[in-house]
Every structure is written in C-alpha cells, then in structure tokens.
Amino acid sequence: MSIQRRDFLKGLTSIAAIASLPLNASASKKANVEQHWLSVAPYLQNPGADEMTIMWQTSSASFSRVEYGLTQDLGQVAHSFINGQKQANNTLNSIRITELTPGQSYFYRCVSKEIISYEPYEVKFGTEHFTELKSFRCLDPNASDDFSVIFFNDLHDNLKLTQDLTRNNPAKDFSFSVFNGDCFNDPMGEEAVLDSLCVYNESVDAANIPPLYIRGNHEIRGAYARNLPQHFANPGNSLYYSFTHAGVRFVVLDTGEDKPDDNEGYSGLNHFEPFIIEQAAWLKEEIASNQFKEARFRVLIHHIPLYGNDKTYSGDYNIGKTHWGEMLKDAAVDLAISGHTHTHKIHKVGDEGNPYPVVIGGGRRDSSGTLTSLAFTQEQIQIKMYGSKGQILRQYNIMERS
Ligand SMILES: [Fe+2]
Ligand SMILES: [Fe+2]
C-alpha cells in the first residue's frame with residue numbers, strides 16, 4: 001500500500017467524523033472506528049430513481065451487508081446474491097439496494113464480518129466491522145428542482161491536482177460527480193488503481209454523493225485494464241447507458257481508443273469498431289425513446305470529443321463520430337461534455353462543425369486541470385469551468401429550446 005493511501009485511510013476517522021451524520025446510541029455502541037479493515041471506504045455507484053449501489057473493499061475476506069433505512073435507526077438489510085448464495089469470502093463488495101423511493105434520502109452503513117476459515121461444513125467468523133453512518137439521495141426523474149453536476153477528466157492519477165480542484169472550488173453542492181475518462185492512467189495493477197480511487201472518492205464525498213467513472217482511452221491501456229470495471233457499477237454493467245434526473249437526460253457513451261484497432265501499439269488486442277457499432281444501435285433506440293425526446297435537456301457524456309478533437313495522435317480517426325455523428329445531428333442534443341485533448345475549450349454550435357455545444361475539460365497538469373460545473377435551472381444550463389486555484393476559466397449558458 002502506498003504511503004499516500006495509508007495516510008488517507010489513517011485519516012478516514014476524522015474525515016468521516018466531519019462528513020457523516022451523528023450516530024444514534026445503539027449504532028454508536030457498535031461502531032468500530034478502527035478503519036484498518038478497509039482498503040477502500042464506501043462509495044456510491046449507479047444511482048437510480050429507486051435503487052443505489054454501495055461499494056467498498058475490505059483488506060481481508062469477509063461476509064458483508066448494507067444496513068439502511070429512512071432514519072438513523074436503519075432497520076433494513078441488503079446483501080449481494082450470487083447463484084443462490086449470499087456473496088461471501090470476498091473483499092470487493094458491490095451491494096444493490098432496491099425498492100427505494102425517487103428523490104428520497106436514506107441512511108446506511110456497511111458491515112463486514114471477517115472470515116477466519118471457510119470449510120465445506122463450517123465457516124468461522126471473526127470481528128464484525130461497521131462503517132460510520134452515511135446517507136444518499138435517490139435520483140428523481142420527475143423532480144423540477146434546479147441541480148448541478150461536477151465533472152473531472154484526464155486527471156491521469158494527478159492526485160494533488162484532484163485535491164486542489166476540489167479544495168479550492170466553489171461548486172460544492174452537486175447531485176453527482178463524473179470522472180470523464182483518463183483519470184486512471186494506463187492501469188497496471190490494483191494498488192495504483194486503489195490509490196487514485198480513494199483520493200477521487202474522498203474528493204467528491206463519494207460515500208454520500210455518487211460518482212460516475214467513465215472509461216477513457218488511457219483506462220484501456222495497461223495490464224489491469226480489463227479488471228478496472230469491477231471497481232464500478234453501472235446500469236446493466238454496461239459502459240454505455242442513460243438515465244434521467246430532474247427532467248435532464250444523461251447519455252453516457254464509450255468512445256474506445258483514439259487510434260484504429262490495427263495500430264501496432266495495441267498488439268492486436270483491440271476490437272473497438274464492433275463495440276462502437278453496438279453502441280450506435282443502442283443510441284438509435286435511446287434517441288427514439290420518450291425519456292430522451294421529452295427531457296428538458298439532453299446531455300452527452302463521453303471521453304473523446306466528436307468535435308474539436310486533437311489530431312496530434314489520431315489524425316482524422318474518430319470512430320465515435322464515424323458511427324454516431326449522423327444520427328446525433330438531428331437528435332436535439334443540448335450539450336456534449338468530453339475531455340481527452342488536455343486543452344479546455346467550449347465550442348459553440350458550428351465552431352467545429354458541431355451541431356450542439358461541446359465542452360472539453362482541461363489536462364493533467366496543475367496549470368491545465370479543470371473542474372467543470374453544469375448547473376441545470378428551469379431555463380438554462382449554466383456552465384462554469386474552474387482551474388486548480390478556484391478561478392473561473394470559462395463560462396457559457398445554454399438556453400432551453402423553445
Ligand atoms: Fe488524457
Ligand atoms: Fe484521452
């Protein structure tokens with residue numbers, strides 16, 4: 001474990017004390033403030049109108065559950081099930097809570113009981129560990145509230161930049177956050193991934209507000225690339241999906257690699273064109289859906305921009321644009337938000353032949369990194385792009401279509 005993550009975990013107790021709500025008497029009695037049993041503290045994933053996934057990772061094999069409820073007394077329990085069994089003897093936990101109420105807030109805590117030995121006819125359990133009490137709020141597709149979302153991209157494991165962007169940023173009140181690709185730099189193993197994941201999660205208060213982790217081209221490279229998705233939960237376990245919050249339709253796409261599958265750097269292991277075509281068929285249905293057509297705003301989220309891309313490494317290759325561009329032209333998209341170029345820009349309609357505004361976040365360096373806030377009001381999307389000192393770099397408003 002790196003010094004950075006060890007220090008972070010050591011600091012969890014005090015962070016949790018600040019971030020979490022007070023425990024009631026019985027929960028407090030049980031609470032174990034020794035956090036050494038956690039490799040990754042709880043973080044929310046895959047937010048839904050009536051569902052939420054809680055993920056966390058223990059340092060040794062355990063049997064885990066989530067306790068949750070409308071009050072701090074909790075009262076309900078969720079497990080993960082696998083082929084007729086409760087999930088157990090594992091370290092990476094992903095537990096889905098279902099049958100919730102849209103827009104409702106819930107309290108929860110994670111519980112992991114160590115497994116000392118696992119024999120065919122007897123399992124011996126050790127210490128039972130409890131996290132601090134946390135809370136989350138379900139999405140509400142039909143709400144008419146104003147809300148905001150914050151975006152990061154291309155952090156490339158620059159953890160100091162991440163901390164600076166969040167520490168100095170005035171955009172504190174948000175419904176969810178998005179890491180829009182290239183935040184895990186060419187992942188080679190679990191340790192480096194967890195080091196960054198802990199800092200990213202902490203920076204956006206992921207135990208209480210869900211982050212979305214989107215795949216960029218640098219999450220595709222490296223020996224651990226195929227393992228990375230197991231640390232996250234998405235609708236249908238897919239890397240492309242859509243959802244609605246407060247009348248705004250968000251469509252997440254996976255733009256794959258920035259060069260053709262037969263590029264020698266990929267060693268014959270890539271097969272992205274069929275994957276992009278598969279998404280095209282799904283996108284066609286998405287665009288035709290009532291949820292998309294009737295939304296107040298429609299926002300595309302994907303790592304490589306279809307318009308305003310950097311041609312330094314890719315030339316004219318842009319496989320997402322090739323297969324999705326035509327159908328998106330007439331789809332009444334209000335905004336696309338991307339990264340990848342490491343140069344922050346806001347392209348108004350037509351600047352790059354784009355049929356909708358395109359926001360591109362900045363780069364991996366302290367001087368170029370950005371946090372982008374999208375505030376959705378009843379009439380407009382207010383875009384503000386902040387630098388690592390909290391300064392506003394760019395801003396632009398998009399009015400609702402008449
Ligand atoms: Fe990047
Ligand atoms: Fe990229």
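Strands β20 and β21 form a hairpin in which five residues lie between them, and G390, in the turn, has a positive phi of about 85 degrees; here, helices (H or I, at least four residues) and strands (E, at least two) are DSSP runs, numbered from the N terminus. Strand β20 covers residues 380–386 and pairs with β21 in the antiparallel sense over seven bridges, where two strands are said to pair if DSSP finds at least two bridges between them. Within this pairing, Q382 has N397 of β21 as its bridge partner.

The structure is a predicted model, in which local features need pLDDT of at least 70 and side-chain atom pairs count only at pLDDT 80 or more, whereas totals for chains, interfaces and linings use all residues. Residues are numbered from 1 along each chain as its sequence is written, and chains are lettered from A and ligands numbered from 1 in the order in which they are written.

## Overall form

The protein contains eight helices and 21 strands. Its radius of gyration is 21 Å, close to the 21 Å that the globule rule gives for 402 residues, so the protein is as compact as a globular protein of that length; the radius is taken over C-alpha atoms, and the globule rule is 2.2 Å times the number of residues to the power 0.38. Along the principal axes, the C-alpha trace spans about 65 × 50 × 45 Å.

The domain assignment divides the protein into domain 1 (3–137) and domain 2 (147–399), with bounds that come from an automatic or database domain assignment. The centres of domain 1 and domain 2, taken over C-alpha atoms, are separated by 28 Å. To the contact, domain 1 gives 21 residues and domain 2 gives 21 residues, two residues being in contact if their C-beta atoms, placed from the backbone, lie within 7 Å.

On the side of domain 1 that touches domain 2, the elements that give two or more residues are α1 (3–10), α2 (12–19), β1 (38–45), β2 (52–69), β6 (90–97) and β9 (134–137). Of these, β1 gives the most, with seven residues. By class, this side of domain 1 has 12 nonpolar, seven polar and two charged residues, where Ala, Val, Leu, Ile, Met, Phe, Trp, Tyr, Cys and Pro count as nonpolar, Asp, Glu, Lys and Arg as charged, and the others, Gly among them, as polar.

Over residues 45–114 the chain is 0% helix and 63% strand, with the end C-alpha atoms 24 Å apart. Over residues 148–343 the chain is 28% helix and 17% strand, and the end C-alpha atoms lie 23 Å apart.

## The sheet that holds the hairpin

An open sheet of six strands, with mixed pairing, has the order β12-β11-β10-β19-β20-β21. At the edges stand β12 (211–214) and β21 (392–399), each with a single partner strand, so one side of each is left without a neighbour in the sheet. Neighbouring strands are turned by 15 degrees against each other on average, direction ignored, with axes being lines fitted to C-alpha atoms (for helices over the stretch in contact) and angles running from 0 to 180 degrees between N-to-C directions.

Strand β10 (residues 147–152) is joined by five bridges to β19 (residues 371–376), the two running antiparallel, and I150 stands opposite S373 in β19. Four bridges join β10 to β11 in a parallel arrangement, with F152 opposite F179 in β11. Strand β11 (residues 176–180) also pairs with β12 in the parallel sense over four bridges, and there V178 stands opposite L212.

Strands β17 and β18 (residues 358–360) pair in the antiparallel sense over three bridges, and the bridge partner of H347 in β18 is V358.
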